[in-house]
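Take a look at the structure below. Then follow the text through it, step by step.

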Amino acid sequence: MAISDVNYKIINSAPRRKGVVVLRQVDDLLYLSGHGPEDEITGKPFYTGRLGESVTLEQGRDAARICGIILLGALQDYLGTLDKVDYIVKAFALVSSAPDFYNQEEVIDGFSDLMVEVFGDRGIHARSAMGTSNLPNGNIPVEIEIIVKVVA
Amino acid sequence: MGQTDNRLKQLGIELPKKNRAGTGMVAVRRYRDLLYISGHGPTGPDGKPVYQGKLGSDLTIEEGYQAARLCGINILAAIADYIGDLDRIEYVVKALGLVASGPDFFDQPLVMHGFSDLMVEVLGERGMHARSAMGTCCLPNNIPVEVELIVKIRD
């Protein structure tokens, strides 16, 4: 399935503060910085707050999906085409959570489902999800970083 | 029976059978001769957590240690499921340990020793690894410990 077949917009990555880049390449691995569900031009988050407090599970899943879309945008920006992605290797996913919120996995499925939607088997990945109390940018509910293998 | 399987037998450790259910996420993803292993919790053979709660409020360090050890057993099971023979582990590279902690609990490394000790018990020097441990408010399913791992394998 080509990215163009799916009806959503890939946003270009905004420049980062000095020292921090969107991604770093080592041989055929790309290490991508953690991304939140933010407008890549303005940096404004689409959601803020904790799961189990002000953010519902559905909103959390959507936030995770948006993180995925932004990460795809960063990949497309760098590689020119997502066809150069060989497969997604590993995701590390942070969920801003109330101390008694334990459904981080379901939230991050919003991201993982998108990867399979876009890439099929190439989108399958190892993943760790955790809850935390505070995330950047006014407490975005989700932040995800990924490691991606590119075609040689 | 491989050398590592023998060692497991000596230690009285039986690896649980892996449940392959799930969509986008898999337990193990390979990159060349590295295995990236998803975060694993202290679940029993039925997939349910054996330990729940937070260190410093609900669980003792000893319970946390045992929970981390169980994470290690589940990770070894995932590796065995993927590569077949654990002798193919050349060495363990890097672990990240997440420990659900009350606000005054700072002994996450002592908890994570439960995982690290197991790696060396089973794999000897091959089990030594770089490691980071951190505390956090809450983990999926209210597990007290979650461990992810990078492992180097040989053919």
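Predicted model: local features only at pLDDT ≥ 70, side-chain atom pairs only at ≥ 80, totals over all residues.

Two strands pair if DSSP finds at least two bridges between them. Now look at the link between the strands. Strand 2 and strand 3 of chain B form a hairpin, with two residues between them. In the turn, B:Arg32 has a positive phi of about 50°.

Next, turn to the helices of chain B. Helix 2 of chain B covers residues 61–83, which is 23 residues. From first C-alpha to last, helix 2 of chain B reaches 33 Å. That is close to the 33 Å expected at 1.5 Å a residue. Just after helix 2 of chain B comes B:Gly84, with a positive phi of about 85°.

How do two helices pack? Two packed helices are described by the angle between their axes and the distance between the axes. In chain B, helix 1 (residues 3–11) packs with helix 3 (residues 108–123) at an angle of about 120°. Their axes are 8 Å apart. Angles over 145 degrees count as roughly antiparallel and 65 to 115 as roughly perpendicular. Therefore helix 1 of chain B is oblique to helix 3 of chain B. Helix 1 of chain B brings B:Thr4, B:Arg7, B:Leu8 and B:Leu11 to the contact. Helix 3 of chain B brings B:Glu121, B:Val122 and B:Leu123. By class, this contact has four nonpolar, one polar and two charged residues.

Now for the other chain. Where do the two chains meet? On chain A, 25 residues are in contact with 21 residues of chain B. Strand 3 (85–96), helix 2 (104–119) and strand 4 (125–132) of chain A each supply at least two residues of the side that touches chain B. The largest share, eight residues, comes from strand 4 of chain A. That side of chain A divides into eleven nonpolar, nine polar and five charged residues.

Last, the confidence. Chain B averages a pLDDT of 94, and 96% of the residues score at least 70. For the complex, the predictor gives an ipTM of 0.89 and a pTM of 0.91.

How values were computed: Residues numbered from 1 in each chain as written. Chains lettered and ligands numbered in written order. Contact = placed C-beta atoms within 7 Å. Helix = DSSP H or I, 4+ residues; strand = E, 2+ residues; numbered from the N terminus. Nonpolar A, V, L, I, M, F, W, Y, C, P; charged D, E, K, R; others polar. Expected span 1.5 Å × (residues − 1). Axes fitted to C-alpha atoms, helices over the stretch in contact; angles between N-to-C directions. Parallel < 35°, antiparallel > 145°, perpendicular 65-115°, else oblique. pLDDT = per-residue confidence, 0-100.
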